Structures are given as structure tokens and as C-alpha cells.
Amino acid sequence: MQLSTRPYNLLERAIADGLRIVVYRRGSEFVVRPESLGLRAGREAIETIQPATGDRMTIYLDDLEGFEIVDA
């Protein structure tokens with residue numbers, strides 16, 4: 001997924017405000033709390049935490065089919 005300015009802004013706002021997001025990847029849906037956005041092994045990645053279990057997960061932007069902000 002190639003993000004334009006608006007989705008980047010939404011993702012950065014979710015990180016800053018501690019909001020959860022729903023991520024769609026490979027036909028699966030994950031509800032996570034994004035912690036940071038940066039480069040990992042030359043790819044853009046979101047470092048996340050799964051709120052229910054506390055598990056950490058790295059999600060690469062080029063693997064995403066889409067994402068949505070979950071209302072607080």
C-alpha cells in the first residue's frame with residue numbers, strides 16, 4: 001500500500017494520541033495500537049502492540065491492504 005499525505009497524517013495522529021487502528025493485511029484484520037512509524041530493513045514499518053495480549057508486532061506498509069482509525 002502506498003500512502004498519500006492524508007493517511008500518513010491519520011497514522012501519525014493515531015500514534016500521537018494512542019488510538020487503536022484496524023489493519024487489513026493478506027485477508028486478515030488486526031486491531032492494534034501503533035507505537036511508532038519508521039524504517040526497518042529499508043522498508044517503512046509500523047511498530048504496534050496488540051491491546052488484549054500486549055504482543056508486539058511489526059507491520060510493513062507495503063504489506064497493507066488498508067487501515068482505519070478506531071474511534072475512542
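Helices (H or I, at least four residues) and strands (E, at least two) are DSSP runs, numbered from the N terminus. Along the sequence their pattern is α-β-β-β-β-β.

This is a predicted model, in which local features need pLDDT of at least 70, side-chain atom pairs count only at pLDDT 80 or more, and totals for chains, interfaces and linings use all residues. Residues are numbered from 1 along each chain as its sequence is written, and side-chain values use heavy atoms, with hydrogens and water left out.

Start with the overall shape. The C-alpha atoms fill a box of roughly 30 × 20 × 20 Å, taken along the principal axes. The radius of gyration is taken over C-alpha atoms, and the globule rule is 2.2 Å times the number of residues to the power 0.38. For 72 residues, a compact globule would have a radius near 11 Å; the chain has 11 Å, so the two agree.

Next, look at inside and outside. Buried means under 20% relative accessible area, exposed means over 50%, and partly exposed is in between (1.4 Å probe, protein chains only). Of the 72 residues, 29% are buried. A contact means heavy atoms within 4.5 Å. Among contacts with a separation of 6 or more, 41% join residues 24 or more positions apart.

Now the charges. Lys and Arg count as positive and Asp and Glu as negative, while His and the chain ends are not counted. The place of a charge is NZ of Lys, CZ of Arg, CG of Asp or CD of Glu. The chain has 9 positive and 12 negative side chains. The centres of the two sets lie 3 Å apart.

Turn to one pair of strands. Two strands pair if DSSP finds at least two bridges between them. Strand S3 (residues 43-49) and strand S4 (residues 56-60) run antiparallel, joined by five bridges. Ala-45 stands opposite Tyr-60 in S4. The hairpin of S3 and S4 has six residues between the strands, and Gly-54 there takes a positive phi near 80°.

Finally, compare two residues. Thr-48 lies in strand S3. Thr-48 counts as buried because its relative accessibility is 2%. Leaving aside residues up to four places away in sequence, Thr-48 touches Val-32, Arg-33, Pro-34, Glu-35, Asp-55, Arg-56, Met-57 and Ile-59. Leu-39 lies in strand S2 (residues 28-40). Leu-39 is exposed, with a relative accessible area of 68%. The C-alpha atoms of Leu-39 and Tyr-60 are separated by 9.1 Å, though these residues are 21 apart along the chain.
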